[in-house]
Amino acid sequence: LVDGDPQCNLTGMVLGDEFDDYYTNEETKNNNIKDAVKVAFEGKPRPIQSIECISPKENDKLFLIPGHMDFSEYEPSLSLALNSNNAITTLQNLPGSFYELIKLCCERYSIDYVLIDMNPGLSAINQTFFMYSDVFLVPTNPDPFSIMALKTLSKVLPRWKKWSIQSSELFEEASYPMPKAKMRFAGEIIQRFNLRNGKAAKPYQGKMEEIQDYIENIFVPE
């Protein structure tokens, strides 16, 4: 699991009551996604290294790269890197830096699958994570805001994928090259609704059908 959301809800779910101590304890406070790639964003002459991932007590086959509340501080540099067409060579290592960390942790713990939790926005960080993905899932709620979000994503995600394909050569010489990912849609998850007799309660059914109809007829083709 990779917590790419500054809200750190995934990290909080895994750490539980130990969350606060984790970010203040000298032994663990730098063991997170932000500090692990700091050398790339600060231009330090040291390579990115794997970190000690967290395993929840309930499952020793599950490993977490913790998030950080200030992760969005990297947003301006990363956005510039994605839009400079490598005119600024010092930025070419940034888009692949998170992937390098993930890859190294996968090798360290013999990981089979990686799930990345992204923040709910259209940031450069999210664009970068999306371009790493073999497949992606879209979480939704049965409300008007999810329909609005799907309409936005149906325009933005194809643009991100096109950019990734067209710009892949720009980062081939980077210390941390971008992966050649498929970025395929795997499906939607509809959540946060009440059940009645084992089915979604009536007030939610209409919006759930609307979401599924929009995804099938517009989002998937786009």
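**Burial, contacts and cysteines in a predicted model**

Author: Leu150 lies in helix α8, residues 144-167. The model is predicted.

Reader: Why is Leu150 called buried?

Author: Its relative accessibility is 1%. Buried means under 20%, so Leu150 counts as buried.

Reader: Which residues are in contact with Leu150, leaving aside its neighbours within four places in sequence?

Author: Leu150 is in contact with Val138, Thr140, Ile211, Tyr214, Ile215 and Phe219. Leu150 and Ile218 are 68 residues apart in sequence, and their C-alpha atoms are 9.4 Å apart in space.

Reader: Where is Thr140 found, and what makes it buried?

Author: Thr140 is found in strand β3, residues 135-140. Its relative accessibility is 2%; the cut-off for buried is under 20%, so Thr140 counts as buried. Not counting residues up to four places away in sequence, Thr140 touches Ser146, Leu150, Ile189, Ile190, Gln191 and Ile211.

Reader: Why is helix α7 described as largely enclosed by the rest of the structure?

Author: Because nine of the nine residues of α7, residues 124-132, are buried. Among them are Ala124, Asn126, Gln127, Phe129 and Tyr132.

Reader: Where is Ser133 found, and is it buried or exposed?

Author: Ser133 is found in the loop between α7 and β3. Ser133 has a relative accessible area of 13%. Buried means under 20% and exposed over 50%, so Ser133 is buried.

Reader: What lies 2.6 Å from a polar atom of the side chain of Ser133?

Author: The backbone oxygen of Phe130. Leaving aside neighbours within four places in sequence, Ser133 is also in contact with Ala181, Lys182 and Met183.

Reader: How many disulfides does the structure hold?

Author: The structure holds zero disulfides. A disulfide is a covalent bond between the sulfur atoms of two cysteines.

Reader: Why does Cys106 count as buried?

Author: Its relative accessibility is 19%. Buried means under 20%, so Cys106 counts as buried.

Methods. Residues are numbered from 1 along each chain as its sequence is written. This is a predicted model: local features need pLDDT of at least 70, side-chain atom pairs count only at pLDDT 80 or more; totals for chains, interfaces and linings use all residues. Side-chain values use heavy atoms; hydrogens and water are left out. Helices (H or I, at least four residues) and strands (E, at least two) are DSSP runs, numbered from the N terminus. Buried means under 20% relative accessible area, exposed over 50%, partly exposed in between (1.4 Å probe, protein chains only). Contact means heavy atoms within 4.5 Å. A disulfide is a pair of cysteine sulfur atoms within 2.5 Å. A polar contact is a pair of N or O atoms within 3.5 Å; within protein, one must be able to donate a hydrogen and the other to accept it, and residues adjacent in sequence count only if both atoms are side-chain atoms.
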